[in-house]
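Please read it alongside the sequence and the model.

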Amino acid sequence: MIYLDNSATTRPFDGVIEAMASSMREGYYNPSAAYGPAIAAEREVRACRRAIAEQLGAREEEIVFTSGGTEGDNLAILGAAQALRSPGVFACSDIEHPAVAETIARVERMGHEVLRLPVDARGVLDLAACERLLSPRVALVSCMQVSNETGAVQPVEALSRLVKRIAPGALVHVDGVQGFLRVPMHMARMGVDLYTISAHKIHGPKGVGALAVRGGVRLAPQMTGGGQERGLRSGTLNGAGIVGLHAAVREMAARRAEVEALRGMKRRLLDDLSGLPGVTVNGPLPQEADSAPHILSLSFEGVRGEVLRNALEAEGVIVSTGSACASHKQKVSDALLAMGRTREQADGTIRVSLGLMNAPGEMDEAAARIASACEQLRRYRRR
Ligand SMILES: Cc1ncc(COP(=O)(O)O)c(C=O)c1O
């Protein structure tokens, strides 16, 4: 099988599995307890905090462990909304993952005003439009670092500068679920106040992640109880998950050059498809600086993405039609529509996403199967 759905989830590194198994066998103590083995477990948690902070240009005490990307996004946005004394303005880009988009919609139902920031035809935030739309009343702006659908890298640093100029008190939240350890992030330098990560997108385990919260940012906790994580996220820490997250962070950081080399594989796949007519890339092209190394969105004229995905699965190639959560609902992508794609184009789209387990030769195989499946489906359509 050729697995090309790494934006939905990645296969854990062997080192992650081993570290987690040993944590469950020998390091299972509650990190909040006061006896020796528990203190050793707490030390492991701290080491993970330090490793994440180091990658983000943040401080160890700014890292709050969560159950993953969705929770991190919820804590950032709902937490900021509930910490306000009076209604404010909340903004997010038009192409956010539902973990942000639906949470912003919830904030709107809570009585706050909401702004949706447009993207251009390449799926990149339109900063000139942002400048026109934002006002000093803005309380929080949320923008993903890398689009999970197109791989477009968003200009978060320029956005943050703009936000802080127009609304100096506003918070900038970046959903870094697809960007973390693939695209550089330095929270202090880039003016990012809140940054979400998720372990299972970086060859770590599912159900664990973190929200980095810059010192001085006030959030209302979404989970109350024993007061863990400085009161921001109660609940016994997921010790084995955190150990796995740490192993994943270490290995991804050590293999940075290989992560960047995925861009070459993306180009190879696209070059291999150059003989096939009616193919459009959604988002920046692989050779462009604002294209993330691992995600490629392709629309095929005269072919339904869902049918192509199923045909490819039968040939041993796993891709998706969009984000994993949307693909069960069989709905065309709002992000592609926001980029000005027609319904037909959006419906004819598949997403190919690469991870460190992929090999360059797989690109040629996958491209050959994509081309042959497409030709076959187009022939049927013409009949
Ligand atoms: C951009 C983005 N944000 C948030 C999430 C949700 O993360 P999790 O699956 O860890 O809840 C995803 C998952 O696909 C994502 O791609």
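The points below cover a helix pair, a further helix and a loop residue.

The structure is a predicted model, in which local features need pLDDT of at least 70, side-chain atom pairs count only at pLDDT 80 or more, and totals for chains, interfaces and linings use all residues. Residues are numbered from 1 along each chain as its sequence is written.

**Helices 3 and 4**
- Helix 3 (residues 69-83) packs with helix 4 (residues 98-109) at an angle of about 25 degrees, and their axes are 9 Å apart.
- Helix 3 is therefore roughly parallel to helix 4 (angles under 35 degrees count as roughly parallel).
- Residues of helix 3, including Asp73, Ile77 and Leu78, meet residues of helix 4, among them Val100, Ile104 and Val107.

**Helix 10**
- Gly305, Leu308, Arg309 and Leu312 are buried in helix 10 (residues 305-314); a residue is buried if 20 or more other C-beta atoms, placed from the backbone, lie within 10 Å of its own, exposed if 12 or fewer, and partly exposed in between.
- Seen down the helix axis, these buried residues fall within an arc of 100 degrees, so they line one face of helix 10.
- Asn310 and Ala314 are exposed on the face turned away from the buried side.
- Gly316, which follows helix 10, has a positive phi, near 85 degrees.

**Glu62**
- Glu62 lies in the loop between helix 2 (36-56) and strand 2 (63-66).
- Glu62 counts as buried because it has 24 C-beta neighbours inside 10 Å.
- Glu62 and Arg49 are 13 residues apart in sequence, and their C-alpha atoms are 8.5 Å apart in space.

Methods: Helices (H or I, at least four residues) and strands (E, at least two) are DSSP runs, numbered from the N terminus. The arc is that of the directions from the helix axis to the C-beta atoms. Axes are lines fitted to C-alpha atoms, for helices over the stretch in contact, and angles run from 0 to 180 degrees between N-to-C directions. Angles under 35 degrees count as roughly parallel, over 145 as roughly antiparallel, 65 to 115 as roughly perpendicular and the rest as oblique. Two residues are in contact if their C-beta atoms, placed from the backbone, lie within 7 Å.
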